[in-house]
Amino acid sequence: MSTPDILQTIIQRKRQDIQESMSLRPLASLRKEVESLETPTVVRSLSRSLASSPTGIIAEFKRKSPSLGWIKEEARPADIVPAYAANGASALSILTDAPFFGGSPEYIREVRNKVSLPILRKDFIIDDYQVYETRLIGADAMLLIASCLDLPTCRHLASLAHSLGIEVLLEVHEATELDYICDGVTCVGVNNRNLHTFVTDIQTSVHLADAIPSCYVKVSESGIHDAASLHLLQKCGYQGFLMGERFMKCPSPADALAQFLKSI
């Protein structure tokens with residue numbers, strides 16, 4: 001029996017969820033809500049925050065994953081995300097996919113005014129609807145995953161995000177996906193986890209480091225569990241390190257972050 005492709009399963013469900021959301025609140029209505037928003041007086045830049053930080057930890061709020069199931073089902077963003085910020089995170093990431101990661105777009109809205117660090121919306125963004133939604137909930141940056149998109153769609157979504165004042169972290173997993181780098185992208189992330197199989201190996205970041213143009217902030221995602229791994233990735237030129245499971249598995253994720261920072 002062949003192994004199911006987890007990414008394709010997620011994307012199929014995502015398309016269904018978007019259609020359901022649009023039936024409740026059409027795109028035209030969502031766009032009008034975004035157009036009525038005031039331009040933020042302070043832009044919280046993910047790329048600048050990581051480039052100016054000596055540690056570059058993007059601490060992630062993640063309740064669940066397809067590979068592990070529930071990590072911390074009882075977790076609430078208001079309890080953990082501000083504590084991450086207080087304990088030394090350079091930026092914050094919040095999973096907003098519900099079926100596979102136990103998240104919600106509302107989680108970002110809940111903590112937006114409780115922190116001053118940039119917030120990354122971590123989701124499988126494939127449609128304009130989600131970009132407008134990202135602006136409405138107050139995220140400072142969003143993830144675009146090359147594996148989920150064709151090149152024209154990626155360029156379009158990055159351009160739309162840029163026009164709305166949202167930074168883009170482009171996620172790649174192999175060298176051919178570096179062709180997806182385009183206008184609107186400020187950070188390039190290498191996911192050490194293969195989204196088709198969910199196997200993780202930080203050597204993926206090591207191998208791709210030199211291929212990423214130096215004008216982009218380089219981010220290594222997933223599978224970073226100790227100081228030695230982070231130091232190796234720093235030597236390869238990475239300035240951002242997306243870490244979620246490492247902290248969320250602990251009784252107090254924010255305390256785990258503080259202890260990790262002491263170790264480096």
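Here is a short tour of this predicted model, stop by stop. Local features need pLDDT of at least 70, side-chain atom pairs count only at pLDDT 80 or more, and totals for chains, interfaces and linings use all residues. Numbering runs from 1 along each chain as its sequence is written, and side-chain values use heavy atoms, with hydrogens and water left out.

Start with L46, I57, Y84, F124, V131 and L144, the residues with the most contacts inside the largest nonpolar core, which has 90 residues. Such a core is a set of buried (under 20% relative accessible area, 1.4 Å probe, protein chains only) Ala, Val, Leu, Ile, Met, Phe, Trp, Tyr and Cys residues joined through side-chain atoms within 4.5 Å.

Now pick F124. Leaving out residues up to four places away in sequence, F124 touches (heavy atoms within 4.5 Å) L7, I10, I11, K14, F101, Q130, I145, C148 and L195.

Next, select P118, in the loop between α5 (106-111) and β5 (119-122); helices (H or I, at least four residues) and strands (E, at least two) are DSSP runs, numbered from the N terminus. P118 is buried, with a relative accessible area of 5%. Show its contacts beyond four places in sequence, among them R44, L46, L92 and D140. L50 is 68 residues from P118 in sequence, yet the C-alpha to C-alpha distance is 9.7 Å.

Last, go to D17, I18, S21, P105 and E133: of the 18 residues lining the largest pocket, these lie nearest its centre. The elements giving two or more residues to that lining are α1 (6-24) and α6 (128-137), and α1 gives the most, with seven. A pocket here, on a 1 Å grid over the protein atoms alone, is an open set of points where a 1.4 Å probe fits, with protein on both sides within 12 Å along at least five of seven lines; lining residues have an atom within 4 Å of a point.

Notes:
Buried < 20%, exposed > 50% of the residue type's maximum accessible area, 1.4 Å probe, protein only.
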